[in-house]
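I set out to record, entry by entry, what I looked up in this structure. The notes follow the order in which I consulted it.

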Amino acid sequence: MYSSSCFHKPFLGYLLSSLQAASIFFRNLRSIIYCLLLCNLKNQTCLIYFLFLCVNIETMNWRRLCCCIYQEKEDGNKENNKSRDNLWEIYTLKEILHATNNFHNDNKIGEGGFGSVYWGRTSKGVEIAVKRLKAMSAKAEMEFAVEVEILGRVRHKNLLGLRGFYASREERLIVYDYMPNYSLITHLHGQLAADCLLDWPRRMSIAIGAAEGLGYLHHEANPHIIHRDIKASNVLLDANFQAKVADFGFAKLIPDGVTHMTTRVKGTLGYLAPEYAMWGKVSESCDVYSFGILLLEIISAKKPLEKLPGGVKRDIVQWITPYVQKGAFDRIVDPRLKGKFDRAELKSAVMVALKCTDSNPENRPSILEVVEWLKGSVGRRRKEMTNIEHMLEEDGDKETDTDLEGFRMAKSEVRRKWAR
Ligand SMILES: Nc1ncnc2c1ncn2[C@@H]1O[C@H](COP(=O)(O)OP(=O)(O)OP(=O)(O)O)[C@@H](O)[C@H]1O
Ligand SMILES: [Mg+2]
């Protein structure tokens, strides 16, 4: 089924053994993936993609590799790199089958465009999520390579951690940390929407966390990474409802000095920046646009695209704009919050989201500015509230039981005043 007819055998053998040697030499995930992928290449187009990916990744990594060697020499700290390498592992199929009860249907926790996600528990008792990629099309091969390559190198409190992978001719499996609170989509539009587990402070901290994860990809990762598929189902929530940005399968690595690239459009309708959807122009500000849409979705629990009667589609920005013009911010917020939200925070979050979704990419803020604004607004409000609470608590100490109710009412009145 798989052939590499575009290569003469001796050349292929030479290439494979060099790659294998390289993989042993560098003990690096990347080279191993290349070997695995190369064995499965189907036609010339795939080969071109494959070579492009290798060149792309390798050229950008040479400098990083040199830096690593240099740094290793400088501080003589080999342990550092060793522990980095050991952050992920190559699983055996047996291990994964055992953990997921042979991919039992009861273990299935979700389904996406590229495959199903299963919950599992390893023999060491660790909970994992396994993404089982569907078809072994050339596209899926690329997604797999890109995802594993990128996830293997990034570590941040707001990015979903890769535990490892398994790859063979028949199966491509990616093993992640398991996120017990699933994804934002589950809470905004899915099975847990009715439970309303996301109160206002939680929503704001998830938004800030997701923005910080993106900030790391855009500004700290080397080379910089554009996610290209920021959306509610790709923001997962850990046990403490901390946001973890997931799915780097569409990501693009950006070499230093490149401000934008033209590429084939990927991602999800409703979240795509206009310049990207129309001309395939991709830059960090495309992620900022998607983040703006996501922020509006977090605030309102409305879907990014809504089908109106008659089949016309309306996006969330079009829906929100008249309310903003009238200053009717209360009408934007998710009614399931039952009025329990901070009005000032709401207003600034909506304004930040509108800045992010400006149709001109040059007018959009950087994600770092977004983090600063969101944190600033939430931090300021929390500080004000804490001061007021302290004042009231001091007064409250003097209260008797009989006027406790009056105290509570006074406190909520002050809260209301500050929330206005
Ligand atoms: N690590 C994880 N822990 C817990 N649940 C997860 C994890 N990864 C994914 N899921 C669940 O599986 C669902 C499907 O995820 P998946 O990434 O396959 O598809 P998607 O994001 O919905 O769509 P797309 O294929 O377009 O990315 C998610 O919505 C989420 O609820
Ligand atoms: Mg996903």
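Entry 1, terms. I take two strands to pair if DSSP finds at least two bridges between them. I also note at the start that this is a predicted model.

Entry 2, the chain as a whole. I counted the secondary structure and found 14 helices and 14 strands in the chain. I then looked up burial: of the 420 residues, 36% count as buried. For contacts between residues at least 6 apart in sequence, I noted that 64% join residues at least 24 apart.

I traced an open sheet of 6 strands, with mixed pairing and the order 1-5-6-4-3-2. Which strands are its edges? I found strand 1 (89–90) and strand 2 (108–112) there, each pairing on one side only. I followed strand 1 to its partner, strand 5 (residues 162–167); the two run parallel and are joined by 2 bridges. Within this pair I located isoleucine 90, which stands opposite phenylalanine 165 of strand 5.

I next asked which strands helix 6 (residues 138–153) touches as it packs on the sheet. They are strand 4 (127–133), strand 5 and strand 6 (172–177). The direction of helix 6 makes about 30 degrees with that of strand 6.

In the model I placed lysine 131 in strand 4. Is lysine 131 buried or exposed? I recorded it as buried, because it has 23 C-beta neighbours inside 10 Å and the cut-off for a buried residue is 20 or more. I then listed its contacts, leaving aside neighbours within four places in sequence: Gly115, Val117, Leu173, Ile174 and Tyr176.

I found a cis peptide bond between asparagine 222 and proline 223, with omega about -5 degrees. I placed proline 223 in the loop between helix 8 (200–220) and strand 7 (224–226).

I next noted asparagine 101, which has a positive phi of about 55 degrees although it is not a glycine. Asparagine 101 lies in the loop between helix 5 (93–99) and strand 2. I recorded asparagine 101 as partly exposed, because 14 other C-beta atoms lie within 10 Å.

Cysteine 196, likewise not a glycine, has a positive phi of about 45 degrees. I located cysteine 196 in the loop between helix 7 and helix 8. With 13 C-beta neighbours inside 10 Å, cysteine 196 therefore counts as partly exposed.

Definitions and conventions: Residues numbered from 1 in each chain as written. Chains lettered and ligands numbered in written order. Predicted model: local features only at pLDDT ≥ 70, side-chain atom pairs only at ≥ 80, totals over all residues. Helix = DSSP H or I, 4+ residues; strand = E, 2+ residues; numbered from the N terminus. Contact = placed C-beta atoms within 7 Å. Axes fitted to C-alpha atoms, helices over the stretch in contact; angles between N-to-C directions. Buried ≥ 20, exposed ≤ 12 C-beta atoms within 10 Å, placed from the backbone.
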